[in-house]
Amino acid sequence: MARSLIPRAQSGTSHSFFILSSKSKFSSPRFQFSFMLPRLRLLPLSRCFCRYSSLQEPIDMCKYREAFSKRMDMAGLKPHHRIALGVSGGPDSMALCVLMAGWKMDSLNATGKSSTFIDGLLAIVVDHGLRAESRDEANVVRNRVTQMGIRCEIASCDWLDGKPKQGHLQEAARDMRYQMLQKVCVQHKIGVILVAHHADDQAELFILRLSRSSGVLGLAGMPFTSQIFSPHRYFYSEVSKNYGILLVRPLMDFSKDDLYKICQGANQDWVEDPTNRSSLFARNRIRISLGDMSSCTLKSELHAIISACRKTRLFVDHACLSLANLTLTITELGYAIINLEILNQLKIQDICLSKFLSLVLQFISQRHRPVRGSTAKLVLDYIQTVPCRTSLTAAGCYICPAPGSKGTRCIVSCSVDCPLPSAVEVFHVPSYKEERHDISGGLEQIINDGKSYLEHFIPKASDVHFLDTTPESVLDEAKRLNILGESTYRIIVSLQMQETKLFKAEPKVTPGYESKHGSHSVSTLSSGLLKSGQICNYMSRFFITWKVKDENEDNSISDAASCNTICKSCALGCDMELEVRHMTESDWLYLSKLSECTVENFHDQRDTSASSKEQTMENASRCLKYASSSARKALVLLKLIPVAARKSLPVLVNQKGLLLSIPSIKFSHCPWLMASVEFKPRVPFGGGHSSFM
């Protein structure tokens, strides 16, 4: 539920609280009292339902609404767009609801429309189910949001492998929350979701990442907008149009105190979560420390250094896209080619080059985490050595010189010898009802509008700090540039050292959770078996499907006719399940033997018993001519593909191990087998659109 700051002492704001035990009914609170918040002592495992006292100075809501409207313009959002809100019930998300409802209603009032609920707006409350009373609390939040004219839905989490362990509770809850938000958005055909992260959250994250030795790009904090992609694609329409969900944080310029004032100005109640005061969690410790030390100077200078880091991140991200346009070729076979000659002529800063290489490796391997540390240094050194003459395996990728390039270009392919993303995800052929879930139409335009706005804020290299700064020297450089004063510098260093010490002392616990909640339309199969007509997402990189050709189809195959028999029974049937795996050296050898057109070559590659040998060879001979011709053509195409890239190509085999198809090069064992493949990574290059304005 609510993940928010407790108001700080200097705000001097009076609040009313209802303290509820897990057994109490929300309609009849057990205690009610008013006091100054800094003296509050929260009871463990209880919930604080809060409202502002009516004895307050007038709040200027107009300035908040104007600032919010400007941020929505920067994101490319218009009032008519369908938008979801992530709501916990805390002051942050309730303030977001207030501003969003006002922004939408202003447009509806102008058009003369009116209804019970605000059109195109859905609030989503995620019930993690980690406490017995969480469902009741979610219902209270839903009722409050509904009273604001916003449709609201509760999404309940399923912890099929058990609830997360204490050491990973916040991380697991956060990951689950975003997965549930995405799932509900897809179900409601909504492509944009807003969350209530604010300026104080950025300050906390800056200290946290500083204590984890993050570089300047990590210290830039959370992006203003970013695309997020679910580990599962719940509907087939996402195969061809993969825009994910656009996550927008429109409150990044608002402080925590601003959000309390917005709730006050709208006379809106909220929820406080006492666990946000627990010192067990690093974020909470940092939040409390910053609250205790807070001053206008500290806030201002923290904001200044974060802004400087964000400007650096904005410049680097733009440079990476430029490098990709100039030096990167991505093939439909799933590997990339980098032109090292052009890359080194550009004299790019190491920070930009390292980020670019990380993006390439993440894209090809479809791994979530960026390349860091010694691995990043190893890859950077490799790329900067021209001509390249050796090979390298790093971050799930195999890097080697491109054939015929004399080391001026290198190939980056997925390494099948490294741990890979979950193997197979299977979709049924879409029906009309499933296609209605396509959410990409308006989202593409929103992203393009956001990119157009962003282009006006790309800084010049001369206006960017920290391009040549190591992670250890960011604070020192900020102090040298007078971004940080001596007092703020000492406070940040103190917090950094404190959290670094605690982090190193923490026992390293293996995550005890695996999110497996999903949709009835998706199944994850570890065996990689695919039925006719199904669509398979293989290694988060390829989409594969196959079927047996219908005898009545108009598109006849000339080679099939020459077989003078319907040979569908020789190797496959409509009720068969084919295995999807990557190509191996034995597949190459099999194609070579098959091209020689001898029946025995079929038998050599099968795992058949002596009793079935005669029948197997008889069936195999029916489509021998077609298979042999297809194998010869496939060998010609394979020779044009670098050896490293061949290994990651998906193939289809039957359950006896017989190679039936390599869709990428149009090889098919049987003229009646129709297989196709598309290189469509789950996450696009660069992780999709993001903005650090």
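**Fold, cores and local backbone features of the predicted model**

Among contacts in the protein between residues at least 6 apart in sequence, 76% join residues at least 24 apart, where contact means heavy atoms within 4.5 Å. The structure is a predicted model, in which local features need pLDDT of at least 70 and side-chain atom pairs count only at pLDDT 80 or more, while totals for chains, interfaces and linings use all residues. Residues are numbered from 1 along each chain as its sequence is written, and side-chain values use heavy atoms, with hydrogens and water left out. The protein holds 24 helices and 26 strands; helices (H or I, at least four residues) and strands (E, at least two) are DSSP runs, numbered from the N terminus. Of the 693 residues in the protein, 55% are buried, a term that stands for under 20% relative accessible area, whereas exposed stands for over 50% and partly exposed for values in between (1.4 Å probe, protein chains only).

The nonpolar cores are described next; such a core is a set of buried Ala, Val, Leu, Ile, Met, Phe, Trp, Tyr and Cys residues joined through side-chain atoms within 4.5 Å. The largest nonpolar core has 115 residues, and those with the most contacts inside it are F206, I305 and F356. Helix α10 (residues 296-327) contributes the largest share of this core, namely 12 residues. When residues up to four places away in sequence are not counted, F206 touches L219, L302, I305, I306, C309, L475 and I492. Another core, of 51 residues, lies apart from it and has L85, L99, A138 and L246 among its members.

Strand β5 (residues 121-127) is mostly covered, with seven of its seven residues buried. Strands of a sheet pair through backbone hydrogen bonds, either parallel or antiparallel, and pairing is assigned here if DSSP finds at least two bridges between two strands. Strand β4 (residues 83-86) pairs with β5 in the parallel sense over four bridges, and I83 stands opposite L121 in β5. Pairing in the parallel sense also links β5 and strand β6 (residues 151-156), over six bridges, with E153 in β6 as the bridge partner of I124. From β5 the chain crosses through helix α3 (residues 134-147) to β6, and this β-α-β crossover is right-handed, which means that, with the strands pointing away from the viewer, the path from the first strand over the helix to the second runs clockwise.

An open sheet of five strands, with antiparallel pairing, has the order β11-β12-β15-β14-β13. Its edge strands are β11 (328-330) and β13 (392-394), each of which pairs on one side only. Neighbouring strands of this sheet are turned by 20° against each other on average, direction ignored; axes are lines fitted to C-alpha atoms, for helices over the stretch in contact, and angles run from 0 to 180 degrees between N-to-C directions. Strand β14 (residues 397-401) and strand β15 (residues 409-414) pair in the antiparallel sense over five bridges, and the bridge partner of P401 in β15 is C410. Helix α10 lies across β11 and β12 (336-339), running at about 70° to β11. Helix α12 lies across β11, β12, β13, β14 and β15, and runs at about 40° to β15.

Helix α12 (residues 350-365) has 16 residues and reaches 22 Å from its first C-alpha to its last, close to the 22 Å expected at 1.5 Å a residue; the expected span of a helix is 1.5 Å times one less than its number of residues. This helix, α12, is mostly covered, as 14 of its 16 residues are buried.

Most residues other than glycine have a negative phi, and most peptide bonds are trans. Just after α12, Q366 takes a positive phi of about 60°; this residue, Q366, lies in the loop between α12 and α13 and is buried, with a relative accessible area of 7%. K406, in the loop between β14 and β15, has a positive phi of about 55° although it is not a glycine, and K406 is exposed, with a relative accessible area of 73%. A cis peptide bond, with omega about 0°, joins V386 and P387, and P387 lies in the loop between α13 and β13.

T390 is found in the loop between α13 (373-383) and β13, where T390 is partly exposed, with a relative accessible area of 49%. Leaving aside its neighbours within four places in sequence, T390 is in contact with Y382, I399, C400 and P401. T390 and P401 are 11 residues apart in sequence and 7.0 Å apart in space, C-alpha to C-alpha.
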